[in-house]
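Please keep the sequence and the 3D view open while reading.

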Amino acid sequence: MDRIKKLVNIEIGARLRESRINLGLSQAQMSEILEVTDEHYRKLESGSSGLTIAKLRLLYEKLGIEPTYLLTGEKPAAFDLEKYIANCTLEQSNALFARSLKYFWNMVQEKKMEEE
């Protein structure tokens, strides 16, 4: 049983890390959001510790991270970019564009760090 729990925590931790990177947040920022120490947050990402229901809820409420995705890897329904743009304000469209650029910038920086 402990082995299965450890494997599940590792999978959840990997998805948590992926979500953090996608949002352009540092481990320190995530630890603040979850109200845990930096060390404890690192343990969550590595799978040494598991997320509580309260922490799953915080992630959803503060960052919009779906608990189902973290727990199972099941992704939400497909996002229709064209439909979103056609039905949003200019401000919302600009915010999406800025966030997308930030996301891509962070991905490039992460790739550079991996190559070093």
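Which residues on the other side of α4 are exposed? They are I53, A54 and R57. Exposed means over 50% relative accessible area, buried under 20%, and partly exposed in between (1.4 Å probe, protein chains only). Helices (H or I, at least four residues) are DSSP runs, numbered from the N terminus.

The model is predicted: local features need pLDDT of at least 70, side-chain atom pairs count only at pLDDT 80 or more, and totals for chains, interfaces and linings use all residues. Residues are numbered from 1 along each chain as its sequence is written, and side-chain values use heavy atoms, with hydrogens and water left out.

**The core**

A nonpolar core is a set of buried Ala, Val, Leu, Ile, Met, Phe, Trp, Tyr and Cys residues joined through side-chain atoms within 4.5 Å. The largest one here has 16 residues. L16, L34, Y41, L51, L59 and L70 have the most contacts inside it. At least two residues of this core come from each of α1 (2-22), α2 (27-34), α3 (38-46), α4 (53-63) and α5 (67-72). In soluble globular proteins, nonpolar side chains tend to be buried together.

Contact means heavy atoms within 4.5 Å. Not counting residues up to four places away in sequence, Y41 touches L16, R20, Q27, M30, S31, L34 and V36. R20 belongs to helix α1. Its relative accessible area is 10%, so R20 is buried.

In α4, the buried residues are K55, L56, L58 and L59. They lie on the same side of α4 because they cover an arc of only 160° around the axis. The arc is that of the directions from the helix axis to the C-beta atoms. These buried residues pack against α1, α2 and α5.

In α2, the buried residues are M30, S31, I33 and L34. Their arc is also only 160°, which puts them on the same side of α2. Among the elements covering them are α1, α3 and α4.

Axes are lines fitted to C-alpha atoms, for helices over the stretch in contact, and angles run from 0 to 180 degrees between N-to-C directions.

| Helix pair | Axes come within | Crossing angle |
|---|---|---|
| α2 and α4 | 9 Å | roughly 110° |
| α1 and α7 (residues 90-115) | 9 Å | roughly 120° |

Why do the two pairs get separate labels? Angles under 35 degrees count as roughly parallel, over 145 as roughly antiparallel, 65 to 115 as roughly perpendicular and the rest as oblique. So α2 and α4 are roughly perpendicular to each other, while α1 is oblique to α7.

M30, I33 and L34 of α2 make the contact with K55, L58, L59, K62 and L63 of α4. Six of these residues are nonpolar, none polar and two charged. From α1, R17, I21 and N22 meet Y103, N106, M107 and E110 in α7. That contact divides into three nonpolar, two polar and two charged residues. Here Ala, Val, Leu, Ile, Met, Phe, Trp, Tyr, Cys and Pro count as nonpolar, Asp, Glu, Lys and Arg as charged, and the others, Gly among them, as polar.

**After the helices**

E35 lies in the loop between α2 and α3. Just after α2, E35 takes a positive phi of about 60°. E35 is a residue other than glycine. Its relative accessibility is 57%, so E35 counts as exposed. Just after α4, G64 takes a positive phi of about 75°.
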